[in-house]
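Good morning, and thank you for making time for this presentation. Please look at the structure on the screen, and I shall take you through a few of its regions.

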Amino acid sequence: MIKKLISLFSIFLAISVITFFLVKLSPGDPAQNYLRASRVSITTETLAAARKNLGLDKPLHIQYFNWLANILKGDFGTSYTKKAPVTELVTEAIVPTFQLGTFSFIILIILSPLLGVLSAIKRNTAFDYIIQVLSYTGVSLPTFWLGYILIIFFSVSLKILPVSGRGDWKNFILPCITLVLPLIAQTTFFIRKNILEEMEKAHVENAIIRGVSKKRIILNHLLRNTSIPIITVLSSNIMYLLTGSVLIEEIFAWPGIGKLFTTAVKTGDFPLIQILLLFFGIMSIIVNEFTQALVKYMDPRLRIKENSKTGGAL
């Protein structure tokens, strides 16, 4: 446990260093952005005062340690443009993004395994060919193009779905489809491939020869033995549903993390950019740890191996 905590803290420090210096290396002067957002004339005197007020007159390493110390105390700074603590802005934006990601993930975990398994079982049939064509097409479609096409067709032409905003359940349909469709295509193709590889193994052929029912073969042999790679790829898609929503939220004016991030980049709101990049990095750590824990739970061989190592160390 101590080793795991040290490892996670080391990763957090690495992410914080990368986040801080990437923002610092980006074009634009934070002091000028601050003055523009405050509607103050940019002069030599006001720039010097702004740099001193923001702590930008100190060396970079001092700025980083001051920023890190404030973060560890829970102070992430104040937004230049909105004049509010960035933690409040991020907290408000997290809910819409998580709602969109949750609905999209539910659609993904229902459709992808179903289509992937059926396509593999009905190999070389019309259904299989249709699923393969749709999978290749879904993977190849640019997300921004798909979003605008859906808006033109369902909102402008048919006028049955809202164009943008976050209102009732109808507002979720187009963003969810745009966000999850490429993932469904990619994951379906991955599951189909793994199921086909498993079907060629000896234990599946023996089960068929013994007259085991198709349902038991699918549940006990195919899905059980391919569950770990399927769970891994599904879990890895969680991060895409959070970071991939940046473009989707901009297209559909969805008031989430992605929309907040693009607005911060456009206005040069450095404190907001920093906390959002840090948030994406921390979320990737959480998702990765969750995936590893889930895989260990599903695969007893990994638990036995880890326990044997622990026992050897003791």
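Phe153 is partly exposed, with a relative accessible area of 43%; in this scheme, buried means under 20% relative accessible area, exposed means over 50%, and partly exposed lies in between, with a 1.4 Å probe and protein chains only. Phe154 is also partly exposed, at 24%. This is a predicted model, in which local features need pLDDT of at least 70 and side-chain atom pairs count only at pLDDT 80 or more, while totals for chains, interfaces and linings use all residues. Residues are numbered from 1 along each chain as its sequence is written, and side-chain values use heavy atoms, with hydrogens and water left out.

Let me turn to helix α7, residues 143–157. Helices here are DSSP runs of H or I with at least four residues, numbered from the N terminus. The expected span of a helix is 1.5 Å times one less than its number of residues, so the 15 residues of α7 should span 21 Å, and the 20 Å between its end C-alpha atoms agrees with that. A kink of about 25° is centred on Ile151, the bend being the angle between axes fitted to the seven residues ending there and the seven starting there. Ile151 is one of the buried residues of α7, which also include Leu146 and Leu150. The buried residues of α7 pack against α8 (170–199), α10 (214–243) and α11 (245–251), where contact means heavy atoms within 4.5 Å. After α7 comes Lys159, with a positive phi near 55°.

Next, the aromatic rings. Rings of Phe, Tyr and Trp (its six-membered ring) pair if their centres lie within 6.5 Å; planes under 30 degrees apart count as stacked, over 60 as edge-to-face and the rest as tilted. The count by this rule is 14 aromatic pairs. Phe20 and Tyr64 form an edge-to-face pair, 5.5 Å centre to centre with 65° between the planes. Because Phe20 lies in helix α1 (residues 2–25) and Tyr64 in helix α4, this pair ties together parts that are 44 residues apart in sequence. Both Phe20 and Tyr64 are buried. Phe153 and Phe154 are likewise paired edge-to-face, at 4.9 Å centre to centre and 90° between the planes. One aromatic cluster is formed by Phe20, Phe21, Tyr64, Phe65 and Trp67.

Finally, which residues does Gln63 touch? Leaving aside residues up to four places away in sequence, Gln63 touches Phe20, Lys24, Gly55, Leu56 and Lys58. Gln63 belongs to helix α4 (residues 60–72) and is buried, at 9% relative accessible area.

Note on methods:
Helices (H or I, at least four residues) and strands (E, at least two) are DSSP runs, numbered from the N terminus.
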